[in-house]
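Trainee: I would like to go through a model with you. Could we take it one region at a time?

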Amino acid sequence: MAVPSAVAGLLKRPARLGDAVYAAIFERIMALEVVPGERISVDAVARQLGVSQTPIREAMGRLESEGLVRKTPLVGYSATPRLGAAELADLYEMRLQLEPFAARKCAALMPDAVIEQLEALCQEMADLAKREGLAAYAQFAQLDMAFHDQIAVSAGNALVAEALGRLHSHVHLFRLLAEAKAPAAANGEHEALVAAIRARDGDGAEAAMRQHIERSRRRFA
């Protein structure tokens with residue numbers, strides 16, 4: 001598993017080593033440089049990145065919790081398969097049932113400080129959408145995941161948050177379409193959703209989320 005120059009540069013930054021290792025592996029999986037189903041050797045990745053196995057295992061555990069890798073007893077880690085057509089349809093059916101509901105709840109319950117965090121995420125995503133390359137695409141996917149996870153958690157329903165968290169929908173979707181048009185198209189939809197939440201407009205937030213998911217389905221289908 002050769003390390004791209006962009007990844008090598010990342011590991012030289014003064015950020016926490018575990019975060020840098022996680023970001024390096026995340027980017028490779030999202031860019032399909034690690035093929036879905038491909039085995040990922042902890043020892044090999046440690047040698048290639050020039051770090052010990054400890055931050056690699058930490059990153060793998062985090063990626064496993066996010067649905068990007070699987071751990072098989074006596075075998076090790078591998079990249080999860082991409083969604084098939086039936087799985088994609090099921091995922092969107094589930095999202096359409098839960099996420100508009102969560103958005104409506106957020107319009108009533110989300111604190112102003114958290115709305116400000118969502119607005120900041122929207123700005124970060126807008127900035128990333130102007131950049132080219134798979135590194136920016138992978139970073140956008142991470143921010144998109146954080147955006148939707150925050151809405152799920154802020155809805156005040158633990159079962160809904162848990163169900164949406166188990167879908168791992170955003171990382172799976174972004175591996176289906178590794179190109180810039182998804183971030184650019186999603187930005188306006190995110191902003192409309194946050195504006196409705198900021199206005200405490202439950203109907204508007206629910207409608208904005210439903211429209212976002214429907215348009216996402218067309219983009220990724």
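Mentor: The conversation below turns from a ring pair and a helix contact to selected residues in loops, helices and a strand. Please keep in mind that this is a predicted model.

Trainee: Noted. How many aromatic pairs are there?

Mentor: The count comes to one aromatic pair. The partners are Tyr 22 and Phe 26, with ring centres 5.7 Å apart and an angle of 40° between the planes.

Trainee: What is that geometry called, stacked, edge-to-face or tilted?

Mentor: The pair formed by Tyr 22 and Phe 26 is tilted. Stacked rings would need planes under 30 degrees apart and edge-to-face rings over 60, so the 40° angle falls into the remaining class.

Trainee: Where do the two residues lie?

Mentor: Both Tyr 22 and Phe 26 belong to helix 2, which covers residues 17-30. They are four residues apart, about one turn of the helix.

Trainee: Is Tyr 22 buried or exposed? And Phe 26, buried or exposed?

Mentor: Tyr 22 has a relative accessibility of 2%, so it counts as buried. Phe 26 is also buried, because its relative accessible area is 0%.

Trainee: Which charged residue sits over the ring of Tyr 22?

Mentor: That is Arg 62, whose charged end sits over the ring of Tyr 22 at 3.6 Å from its centre.

Trainee: Staying with helix 2, how does its axis run relative to helix 7?

Mentor: Helix 7 spans residues 134-154, and its axis comes within 9 Å of the axis of helix 2, with a crossing angle of roughly 105°. Helix 2 is therefore roughly perpendicular to helix 7.

Trainee: Which residues meet there?

Mentor: From helix 2, the contact involves Tyr 22, Phe 26, Glu 27 and Met 30. Helix 7 contributes Leu 134, Ala 135, Ala 138, Ala 141, Gln 142 and Met 145. Sorted by class, the contact of helix 2 with helix 7 has eight nonpolar residues, one polar and one charged.

Trainee: Let us change topic to the backbone. What is the phi of Leu 74?

Mentor: Leu 74 has a phi near 70°, a positive value in a residue other than glycine. Its place is in the loop between strand 2 (69-72) and strand 3 (76-79).

Trainee: Is the residue buried or exposed there?

Mentor: Leu 74 counts as exposed, because its relative accessibility is 93%.

Trainee: And what about the phi of Arg 200?

Mentor: Arg 200 is not a glycine, yet its phi is positive, at about 60°. The residue is found in the loop between helix 10 (181-198) and helix 11 (202-220). With 36% relative accessibility, Arg 200 counts as partly exposed.

Trainee: Now Val 34: where is its place?

Mentor: Val 34 is in the loop between helix 2 and strand 1 (39-40). This residue is buried, at 3% relative accessible area. From Val 34 to Ser 78 there are 44 residues along the sequence and 9.0 Å between C-alpha atoms.

Trainee: Where does a separation of 44 residues go with 33 Å between C-alpha atoms?

Mentor: Those are the values for Ala 113 and Val 69. Ala 113 is in helix 6, residues 112-129, and is partly exposed at 44% relative accessibility.

Trainee: Last one: what does Arg 39 touch?

Mentor: Arg 39, which is in strand 1, touches Val 75, Tyr 77 and Ser 78, not counting residues up to four places away in sequence. Its C-alpha is 9.3 Å from that of Arg 70, 31 residues apart in sequence. Arg 39 is exposed, with a relative accessible area of 52%.

How values were computed: Residues are numbered from 1 along each chain as its sequence is written. This is a predicted model: local features need pLDDT of at least 70, side-chain atom pairs count only at pLDDT 80 or more; totals for chains, interfaces and linings use all residues. Side-chain values use heavy atoms; hydrogens and water are left out. Rings of Phe, Tyr and Trp (its six-membered ring) pair if their centres lie within 6.5 Å; planes under 30 degrees apart count as stacked, over 60 as edge-to-face and the rest as tilted. Buried means under 20% relative accessible area, exposed over 50%, partly exposed in between (1.4 Å probe, protein chains only). A charge sits over a ring if NZ of Lys or CZ of Arg is within 6 Å of the ring centre and within 35 degrees of the ring normal. Axes are lines fitted to C-alpha atoms, for helices over the stretch in contact, and angles run from 0 to 180 degrees between N-to-C directions. Angles under 35 degrees count as roughly parallel, over 145 as roughly antiparallel, 65 to 115 as roughly perpendicular and the rest as oblique. Contact means heavy atoms within 4.5 Å. Ala, Val, Leu, Ile, Met, Phe, Trp, Tyr, Cys and Pro count as nonpolar, Asp, Glu, Lys and Arg as charged, and the others, Gly among them, as polar.
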